[in-house]
Amino acid sequence: MAKILSLFIMVTSILAFAPILCLSSKTNYYGYLYPQFYDWSCPNAKEIVESVVAKAVAREARMAASLLRLHFHDCFVKGCDASLLLDSSGTIISEKLSNTNRNSARGFEVIDEIKSALEMECPQTVSCADILALAARDSTVLAGGPSWEVPLGRRDSRDASISGSNNNIPAPNNTFNTILTKFNLKGLDLVDLVALSGSHTIGNARCTSFKQRLYNQSGNNLPDYTLDQSYAAQLSTMCPKFGGDQNLFFLDYVTPTKFDNNYYKNLLASRGLLNSDQILVTKNQATLELVKLYAENNEIFFEHFAKSMVKMGNISPLTGYKGEIRKNCRYMN
């Protein structure tokens, strides 16, 4: 009887410490994401990421939008696995060369800086995929937006998909149905579409991404009738019919570096910069009602945006023994 009691106590003790053993590991044995993943293996991870991001955004306010966009463009390809960060090497063709990222995606040096700092603190422990998720949250907060707990425990992919980057990421000139389908295929719904589009409250877009709206929206050499004419005239001074493709424009011209609901107010005034923005008002009644709601209530927008970011960050993460923890985000180990 004494032996049985002793064995029971021993097993109970092991089970009591099991969560701690898992939390202290570099491998996600649970198979799902949770905010405390690095509490034992790298307790200062979140603070390190936040510190580097804060310095980068202080140097250049635009960087907040750039880092937020990296997380989007990573998750929509084949899940949140940091495939976007891989440079071309061997059999890998980098997603940075895709139509959606070439001459557009930026902030990779900031991710490198974060990774270097983390490798000094906790070697080969914090994944590049988790860095992207944390940097997106911190960037949003620094720009005045909402905060949320970031589930962690993603691992990094050993491959990239330039075709996935070209085809899966919603593009500025996609139709409403195409964009909604791309969201649905990733497990995201109509609310996620409208809420996450609100990330365009900060950042810039190139002339080439909306030029057709000014000069040839429907292939008839006429401008987009859903675009406010005075706003169109203003845009055309720096986005001519020929040339100027790389010229930058604020996505939200009212408060371009502040994360707020002015983006939605601009849409209701027919002053959305991208076609993919304005169609939220012109092509679907349900998205129009959500745009009106967010334009009226910044608090609800923030709440929905935070929930949708967590949902997006959960798209097909690599966990357990899948993938790896890269030492350098640009290359496989």
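**Notebook: disulfides and a surface patch**

I started with the link of Cys128 and Cys329, which is left-handed, with -100° about the S-S bond. Cys128 lies in helix H5 and Cys329 in the segment after helix H14 (298-313), so this pair ties together parts that are 201 residues apart in sequence. Their sulfur atoms are 2.1 Å apart. I took a disulfide as a pair of cysteine sulfur atoms within 2.5 Å. Helices (H or I, at least four residues) and strands (E, at least two) are DSSP runs, numbered from the N terminus.

I noted the ground rules next. This is a predicted model, where local features need pLDDT of at least 70, side-chain atom pairs count only at pLDDT 80 or more, and totals for chains, interfaces and linings use all residues. Residues are numbered from 1 along each chain as its sequence is written, and side-chain values use heavy atoms, with hydrogens and water left out.

Then I looked up burial. Both Cys128 and Cys329 are buried. Buried means under 20% relative accessible area, exposed over 50%, and partly exposed in between (1.4 Å probe, protein chains only).

How many disulfides does the structure hold? I found four. With bonded cysteines counted along the chain, their pattern is 1-4, 2-3, 5-8, 6-7.

I turned to Cys42 and Cys122, joined with S to S at 1.9 Å. The torsion about their S-S bond is about 65°, so this disulfide is right-handed. Cys42 sits in the loop between helix H1 (2-23) and helix H2 (45-59), and Cys122 in the loop between helix H4 (108-121) and helix H5 (128-142), so the pair ties together parts that are 80 residues apart in sequence. Cys42 is buried at 1% relative accessible area. Cys122 also counts as buried, at 6%.

The torsion is about 75°, so the link is right-handed. Cys207 lies in the loop between strand S1 (204-206) and helix H9 (211-215), and Cys239 in the loop between helix H10 (229-236) and S2, so parts 32 residues apart in sequence are tied together. Cys207 is buried at 0%, and Cys239 is buried at 0%.

Last, I looked at the surface. Which residues form a nonpolar patch there? Phe250, Tyr253 and Val254 do, with about 260 Å² of accessible area together (Shrake-Rupley method, 1.4 Å probe). Tyr253 is in the loop between strand S2 (248-250) and helix H11 (262-268). I logged Tyr253 as partly exposed, with a relative accessible area of 32%. Patch residues have over 30% relative accessible area and no salt bridge; like charges are joined within 9 Å, nonpolar side chains (Val, Leu, Ile, Met, Phe, Trp, Tyr) within 5 Å. A salt bridge is a side-chain nitrogen of Lys or Arg within 4 Å of a carboxyl oxygen of Asp or Glu.
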